[in-house]
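Here are some notes to read alongside the structure. Please keep the view open while going through the points.

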Amino acid sequence: MIVVKWFNVGKIVNTHGIRGEVRVISRTDFAQERYKIGNVLYIFMGSEPPIEVKVASHRVHKSFDLLTFEGYDNINLVEKFKGAMIKVPESQLQLLDEGEYYFHEIIGCTVVTEEGETIGEVKEILTPGANDVWVVKRKKGGDVFIPYIADVVKQVDVENKTITIHVMEGLLDE
């Protein structure tokens, strides 16, 4: 039996209009690529087998991605998708350039200083604009926010799930 590893792309939170558009909160690193017209996505609803859909349209409205799927051009056809997860199989992940990482490769990594002191584990990634910020849960104390910039992040080893950082003044202050 072949085991497929699935990756979350987003969650369908509602319908939008009457023409089969769904409102998605994205959890993908590359929304513009993932939602390209013609791309195949999979909708997971509870324990049912995934439903394969093909993107017919994509646009951004407020903080949501709005999608339609081929053959689902009516609100009555997509109403059942509310609350469902959109996923892709590992085979659809594209290769990234050096120094680029998927969120799932970074989340869960142990962050250590250049001196070997363990800071904690990356629990989430924020994307505020200029650069990503990795939220590190410390063993004791509050979270640490690590900007993904060359001055701070010195080495990322996704194989061993470790990230080495240079501690700049004020970075670890509570």
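**Notes on the predicted model**

1. Phe81 has a relative accessible area of 0%, so this residue is buried. The model is a predicted one.

2. Phe81 and Tyr72 form a tilted ring pair, because their centres are 5.3 Å apart and their planes stand at 55°. Tyr72 has 18% relative accessibility and therefore also counts as buried, the limit being under 20%.

3. Across the whole structure, a search gives six aromatic pairs. One of them joins Phe69 and Phe81 edge-to-face, with 6.5 Å from centre to centre and 75° between the planes. This pair links distant parts of the chain: Phe69 belongs to strand β5, while Phe81 sits twelve residues away in the loop between α2 (75-78) and β6 (85-89). Phe69 counts as buried too, at 2% relative accessibility. Elsewhere, ring pairs connect Trp6, Tyr42 and Phe44 into a cluster.

4. In what order do the six strands close into a barrel? The order is β1-β2-β5-β4-β3-β6, with antiparallel pairing. On average, neighbouring strands of this sheet are turned by 50° against each other, direction ignored.

5. Val22 has Leu67 as its bridge partner in β5.

6. The largest pocket has a volume of about 390 Å³. It is lined by 16 residues, and the closest to its centre are Asp29, Tyr101, Phe103, Thr127 and Asp132. The lining consists of eight nonpolar, four polar and four charged residues. At least two lining residues come from each of α3 (103-106) and β8 (118-126).

Notes
Residues are numbered from 1 along each chain as its sequence is written. This is a predicted model: local features need pLDDT of at least 70, side-chain atom pairs count only at pLDDT 80 or more; totals for chains, interfaces and linings use all residues. Side-chain values use heavy atoms; hydrogens and water are left out. Two strands pair if DSSP finds at least two bridges between them. Helices (H or I, at least four residues) and strands (E, at least two) are DSSP runs, numbered from the N terminus. Axes are lines fitted to C-alpha atoms, for helices over the stretch in contact, and angles run from 0 to 180 degrees between N-to-C directions. On a 1 Å grid over the protein atoms alone, a cavity is a set of points where a 1.4 Å probe fits but cannot get out, and a pocket is an open set with protein on both sides within 12 Å along at least five of seven lines; lining residues have an atom within 4 Å of a point. Grid points are joined across faces, edges and corners, and a volume is the space filled by probe spheres set on the points. Ala, Val, Leu, Ile, Met, Phe, Trp, Tyr, Cys and Pro count as nonpolar, Asp, Glu, Lys and Arg as charged, and the others, Gly among them, as polar. Rings of Phe, Tyr and Trp (its six-membered ring) pair if their centres lie within 6.5 Å; planes under 30 degrees apart count as stacked, over 60 as edge-to-face and the rest as tilted. Buried means under 20% relative accessible area, exposed over 50%, partly exposed in between (1.4 Å probe, protein chains only).
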